[in-house]
Amino acid sequence: MYKMAVSQPVELSEAGKEIKSLVDRARAAQKKIENYSQEQVDQLLRAMVWSVARPGVAEAIAKQAVEETALGNYEGKFTKMSKKCRAALFDIIDDVSVGVIEELPERNIIKVAKPIGVVGALTPCTNPEATPVIKAMNALKGRNAIVIAPHPRAKITTKMLCDKMRAALKACGAPEDLVIAIEQPSLDGTAELMKQCDVVLATGGGAMVKAAYSSGTPALGVGAGNACITVDETADLDDAARKIKLSKTFDYATSCSSDNNVIAVAAIHDALLEKLQAEGGYLVTEAEYPKFKDALWPDGSHLNPDIIAQSAQRIAEVAGVSIPEDKSFIIVPENGAGPEHMFSGEKLSVVMGFHKVADVDEAVALTNAIQEYQGLGHSCGLYTTNDKAIEKFAMGTKTSRVMINQPQSLSNSANVWNGMRQTFSLGCGFWGGNSVNDNINWRHLVNISWVSRPLDKVKVIPSDEDLFGDAMDLIK
């Protein structure tokens, strides 16, 4: 079902006219594939992903992304292009997204998927390489078209990606305009896209997500991350330290799932700290604490863009501290949550807060306190071999994802070692002010018709005694 026609102003702004032209092209292209078969749809996905993830091209895109944004590193971006894109395709390629996609025989109901129309996708500069690919893949899996509004700092990378995907679509005999990038992004243009498309898929900062939800168009936005990782006394400390380092340093922590806070149970606090240092962590001294604090938040509240997704050495340089070349992340001892404990917040860098708690119960409480400050609803992790501890985190935390014994930033959005849905768009639920708490995928980008037939046997409402039970005695 497409957005109903609404009255337009007599004269659109220049940005409005430009976006209308793009959306009209996308809408015309989408109409040509809305009756594609499953086989035709999946051929488009395979061709698009191969066009950007194949050897030689993946390297060039990763290199371009680093050069253009100056965020993250080549190794991380190449991994996302070469492995994440393949994993995302593998995750959905066998899904049925055309026609009947689900049957509920006990209710005599079938569900039929239908396209939405034009997806307006907002993409961040922190992950400009694979995010447009995965969003395009999910949009087209539902037989939609997509118009991508990149961050201005990543417009060349986005165009490079989209040009290759468009060529792949053309090679399949499909309209190139199923994938369109805004080549000169602007705030006005992005705002117009959110008004004119059929659904907004927003990944980026809090202001962008709020604007998406306020656009008047149905929107799927994601909340801020501030992942808290707990290590308890039963954990394999060598495994935990290795995975925390891997997660924290991947692509210089461009991911919102990076380990922002590590919470150690007292019994293993010192041992874990020692192992993290052996893995390349630099432990900030009490005297250096204010230097790093001023480096990260020069005005006392806003994160310094000069330290985002940079190397540990670069961050230390901004702080006026010299650290060894073999150090790849920075450990800052912290003793609380909230604005008076700045390192408990999201840092978008290879800097982590390090906390001590008495036990798992206190770890759950601290996780919630930290994330009520920043990152509510996003995710947390736990290294443990204790099922009771897992149950406490599952039941007690206000998070959409609880990762057990996994590197957080490489697992929240799915990996080959878990069953999560592959994505770069992580819903944070009502905790995080989002409409969903899923890993957003193609199923969020289709309309679904529920076809209901009469039941073979009519349901019989039980007697009041059976239905209400003891409540009848309580309410007189």
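These entries record what I looked up in a predicted model.

Entry 1: I began with an open sheet of three strands, whose order is 1-2-15 and whose pairing is antiparallel. I noted strand 1 (99-104) and strand 15 (446-452) as the edge strands, since each pairs on one side only. From one strand to the next, the twist averages 25°. I then looked up how strand 1 meets strand 2 (residues 109-115): five bridges join them. For Glu103, I found the bridge partner Ile110 in strand 2.

**Entry 2: salt bridges.** My search of the whole structure gave 25 salt bridges. In one of them, Arg443 pairs with Glu102, and the closest N and O atoms are 3.3 Å apart. Arg443 lies in the loop between strand 14 (402-404) and strand 15, while Glu102 lies in strand 1, so the pair ties together parts that are 341 residues apart in sequence. Arg443 is partly exposed at 32% relative accessibility, and Glu102 is partly exposed at 27%.

I next examined Arg314 and Glu317, which form a salt bridge of 3.5 Å, N to O. Both residues lie in helix 12 (residues 312-319), three residues apart, about one turn of the helix. I recorded Arg314 as partly exposed, at 31%, and Glu317 as exposed, at 53%.

**Entry 3: a nonpolar patch.** I looked up a nonpolar surface patch of about 420 Å², made by Ile461, Leu467, Phe468 and Met472. Leu467 belongs to helix 15 (residues 464-468).

Definitions and conventions: Residues are numbered from 1 along each chain as its sequence is written. This is a predicted model: local features need pLDDT of at least 70, side-chain atom pairs count only at pLDDT 80 or more; totals for chains, interfaces and linings use all residues. Side-chain values use heavy atoms; hydrogens and water are left out. Patches are made of residues with over 30% relative accessible area and no salt bridge: like charges are joined within 9 Å, nonpolar side chains (Val, Leu, Ile, Met, Phe, Trp, Tyr) within 5 Å. Accessible areas come from the Shrake-Rupley method with a 1.4 Å probe; for residues, only the protein chains shown count as cover. A salt bridge is a side-chain nitrogen of Lys or Arg within 4 Å of a carboxyl oxygen of Asp or Glu. Helices (H or I, at least four residues) and strands (E, at least two) are DSSP runs, numbered from the N terminus. Two strands pair if DSSP finds at least two bridges between them. Axes are lines fitted to C-alpha atoms, for helices over the stretch in contact, and angles run from 0 to 180 degrees between N-to-C directions. Buried means under 20% relative accessible area, exposed over 50%, partly exposed in between (1.4 Å probe, protein chains only).
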